[in-house]
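Please find below some notes on the two chains shown here. They take a few local features in turn.

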Amino acid sequence: MITASHLTRRFGAFTAVDDVSFHLDAGEVVGFLGPNGAGKTTTLRMLTGYLPATSGGVEIAGLDVLRQSLAVRRRIGYLPEAVPLYREHRVDEMLTFQARLHGLGRGEARRRIGAVLDRVGMASRARALVGKLSKGQRQRVGLAVALLPEPDVLILDEPTSGLDPLQRIEVRKLIGELARERTVLISSHILPEIEAVCPRVLVVVRGRVVADGTPAQLVRQLGQPSHVRLEAVVPDPAEAVRLLGTLEGVRAVADRGRLGIHHQFDVQTDVDLREDVGAVAASRGWALRELSWCQPTLEELFARLALELGPDRAAGADPAPAAPAPPVADALAASGPLQLDVSGPSAVPPEPAAPEPVGPESAPPRRVYNLNPFDQGETRDLGRPKAVDDGGPGGEQGGGAAAGERPS
Amino acid sequence: MRGAWTIYRRELAGLFLTPLGWILLFVALLVRGILFTIYLDRLGGEVNAALSLTQGGSVLYWVLMVLLPPLLTMRMVSEEASTGLLEFLLTAPVTDAAVVAGKLLAATTFMALLWSTSFLYAGTAHLLGAAPDWGALLAAYLGSVLASGLFCSIGLAASAVTNTPLIAAFVAVIVNVLLLFVPLVRANAGQLLHLPPDHWLLDAMRQVDLLDHLSGSAWVGVVDSAHVLFFLAWTALFGFLAVRLVETRRWR
C-alpha cells in the first residue's frame with residue numbers, strides 16, 4: 001500500500017532523512033518510532049506529499065505522491081502533529097469543510113460526520129467551538145477529520161500526544177479497530193503506545209531506519225536476554241553465583257554488585273525460574289528483597305538503538321548478548337571494600353528471612369533500615385545498615401546505637 | 001474549481017467569525033458615511049460628485065484601499081502556516097492554486113461588500129428626491145472591486161512570504177503605496193526625471209498606472225474590457241506569485 005524507496009531529505013547541509021526505504025502491505029499497522037528529531041515527521045510529510053523528497057520516491061496504492069498528488073491525497077487521511085483545526089469554527093463545521101474538500105455529497109457528509117464523531121466519542125460536542133475544546137478533545141476531532149473521507153491509508157503523527165491516560169487507552173482502542181480496515185502508520189516516541197497497537201515497528205534514529213520487525217522479533221534479535229533478578233542479603237556472593245548457576249535452565253549468573261546490604265544477581269535464563277531461585281534463597285536463608293522475571297522490553301532496545309549502542313551489534317545479530325553486562329558487575333564485585341564488607345550483614349539473616357506464618361498480632365519486631373547516606377552524614381558506611389525503627393523517643397541517638405550494634 | 005469554492009466559503013465564513021471582519025466593516029461604514037455627508041455638504045448637494053468621491057477620487061478611499069486588503073489577507077497564509085493549517089490544506093485533495101484562488105476571492109468579496117455601502121448613500125439620496133446616476137456608480141464600483149482584487153492578491157503574496165501576519169501586512173502596505181506612487185512620479189516625470197514625453201520609462205510606468213486606467217474607464221462610467229483586463233492581469237500575476245510562494249512553504 002505504501003512503498004517508500006530511498007527517501008532522502010536534506011535541509012541545507014542537514015540530512016533529516018537518509019535513504020529510508022520500507023513497504024507497508026494493505027491492512028498493516030506500523031509504528032514509526034524514534035526519538036525527537038529523528039526524522040519521523042519529515043518522513044511522514046514526504047509520504048503525504050506535503051514535502052518533496054530530495055531524492056527517492058513514495059508510492060501509495062501504486063500512485064506516485066508527487067506526480068499523481070491529488071489522487072493520492074484523496075486516499076490518505078493525515079493527522080499532522082499540530083492537529084490543525086480552524087479554532088473559530090464549530091466541530092461539525094470543520095468536518096463539513098473536510099467533507100466538501102473531499103467532494104462528498106451533502107447527505108453522505110452528514111451521515112459520515114455523525115458516524116465519525118460517534119467513533120471518536122465527540123458526538124455530544126458537535127456544536128462546540130474548536131477553540132474551546134481541550135487538547136485531548138481537539139486531538140480526537142483531528143482524528144475525526146482524518147477519518148472522515150474513509151481513507152485507505154491513515155497517517156497519524158503522534159496521535160496520542162497531550163492526551164490523558166484514559167483518552168490514550170481510548171485512542172489506542174480506536175486505532176486497533178481501524179487497523180482491521182485500513183493501512184495505518186503511526187509515529188510516536190512513546191513506546192508503550194506503539195507496543196500496544198502496532199504489530200510491526202520501524203525504528204528511526206537520525207534519519208535512518210535502524211530496525212524493522214515485530215516488537216518480539218526486534219527484542220529477540222537485538223535485545224538483552226531475559227533474566228530472573230534476585231536481590232537478597234547474601235553472605236557469600238561467589239557461593240551464591242555458583243549455587244544459582246547449578247539450577248536447570250540457567251545460562252549464566254551475573255553478579256550485579258551490592259546495593260546497601262543487599263546483593264543483586266541476574267540469573268539469565270529463557271524460562272521463568274522465579275520459584276526455583278526463590279526456593280534456593282529460602283533454603284539458604286537469604287533475606288529476599290526482590291525476585292522478578294525481567295523480559296527485555298522494546299523500551300530498553302529503543303534506548304540502546306537511540307543511543308546508537310545497538311546498531312553495530314544488531315548488524316552482527318550476535319546471539320551472545322549476555323557478554324557486555326557482567327564485566328561491569330564483576331568489576332563492582334571485585335572492588336575491595338564492597339567485597340570485604342559483605343561479612344558485615346552476614347549476622348543479619350535470622351530476622352528478616354523468617355518464612356514462618358506470622359499472625360498480625362504476633363509479628364516479630366521488624367527492623368527497617370535507612371540506607372540513605374545523605375540524612376546520616378557523609379561518613380556513613382553503606383555497608384552498615386542503620387536501623388531507624390528501634391530508637392524509641394531519642395530517635396537520632398537510638399539510630400546511632402543501632403548502627404553501632406552491627407558487627408563489623 | 002470545487003476546491004476553490006470550498007476554500008472560498010470557509011475563508012469568507014472565517015472573516016466573519018472573527019471580530020476583525022466586523023470591526024473593519026464597522027469602521028469603514030462609519031467613516032465613509034460621515035465623509036459622504038461632508039462631501040455632499042461641501043459640494044452643495046451634488047450627489048453624483050459626492051458618490052464618485054466615495055468610489056475613488058478621495059484620499060480616504062485610497063487610504064482604505066491601501067490598508068484594508070493587507071489587514072484582511074495578512075493572516076490567510078502566514079498564520080495558517082504557523083498553526084499547521086496550511087499543511088492540512090496542502091495535503092487535502094485541492095490544488096495549491098485553488099487554495100490561493102479561494103482565499104483571494106474571499107478577501108475581494110469582503111472588500112466588495114465594504115465598497116457597496118455607496119449604494120446605500122445613493123439609495124438614500126434617491127429616496128430624498130435627488131437622482132443619482134446609477135450606471136456611473138456601478139461602473140465606479142466595479143473599478144473599486146477590481147482594484148481591491150489587485151491589492152488583495154498583493155497582500156496574499158506578502159502573506160505567503162512570512163510567518164508573521166504583521167510583517168506580511170507591512171510588506172503589502174509598502175508595495176501598495178509604491179504602486180500608487182507610480183502615477184505621481186509619472187505625472188511629474190518631466191520635472192523630476194527630466195524625461196522626454198516619449199521616453200520608454202514613461203510607457204512602462206503607464207502599464208502599472210492604476211489611476212490612469214481607472215480614470216479612463218470606471219470613473220467616467222465606462223466598463224472597458226481593456227481596463228478590466230489590466231486589473232485582472234495584474235491580479236493574476238500576484239496571485240500566481242502567491243501560489244508559487246505557498247508552494248515554497250512545502251520546503252521552507
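**Notes on the predicted model**

1. B:Leu30 sits in helix α2 (residues 19-42) of chain B; helices (H or I, at least four residues) and strands (E, at least two) are DSSP runs, numbered from the N terminus. With a relative accessibility of 45%, B:Leu30 counts as partly exposed, where buried means under 20% relative accessible area, exposed over 50%, and partly exposed in between (1.4 Å probe, protein chains only).

2. This is a predicted model, in which local features need pLDDT of at least 70 and side-chain atom pairs count only at pLDDT 80 or more, while totals for chains, interfaces and linings use all residues. Residues are numbered from 1 along each chain as its sequence is written, chains are lettered from A and ligands numbered from 1 in the order in which they are written, and side-chain values use heavy atoms, with hydrogens and water left out.

3. B:Leu30 also belongs to a nonpolar surface patch of about 550 Å², together with B:Ile23, B:Phe26, B:Val27, B:Ile34 and B:Ile38. Patches are made of residues with over 30% relative accessible area and no salt bridge; like charges are joined within 9 Å, and nonpolar side chains (Val, Leu, Ile, Met, Phe, Trp, Tyr) within 5 Å. A salt bridge is a side-chain nitrogen of Lys or Arg within 4 Å of a carboxyl oxygen of Asp or Glu. Areas come from the Shrake-Rupley method with a 1.4 Å probe, and for residues only the protein chains shown count as cover.

4. B:Thr235, in helix α13 (residues 225-249) of chain B, is buried, at 11% relative accessible area. Neighbours within four places in sequence aside, B:Thr235 has contacts (heavy atoms within 4.5 Å) with B:Leu104, B:Leu146, B:Gly149, B:Leu150 and B:Ser153.

5. In chain A, an open sheet of 6 strands with mixed pairing has the order β6-β7-β8-β3-β9-β10; strands pair if DSSP finds at least two bridges between them. β6 (76-79) and β10 (208-213) of chain A each have a single partner strand, so one side of each lacks a neighbour in the sheet. The twist averages 15° from one strand to the next.

6. Within chain A, β3 (residues 29-33) and β9 (residues 200-205) run parallel, joined by 4 bridges. A:Leu33 is opposite A:Val203 in β9(A). Helix α6 (residues 165-179) of chain A packs on the sheet, touching β3, β7 and β8 of chain A, at about 150° to β8(A). Axes are lines fitted to C-alpha atoms, for helices over the stretch in contact, and angles run from 0 to 180 degrees between N-to-C directions.

7. Strands β1 (residues 2-11) and β2 (residues 14-24) of chain A pair antiparallel over 7 bridges. They form a hairpin with 2 residues between them, and A:Gly12 in the turn has a positive phi of about 65°.
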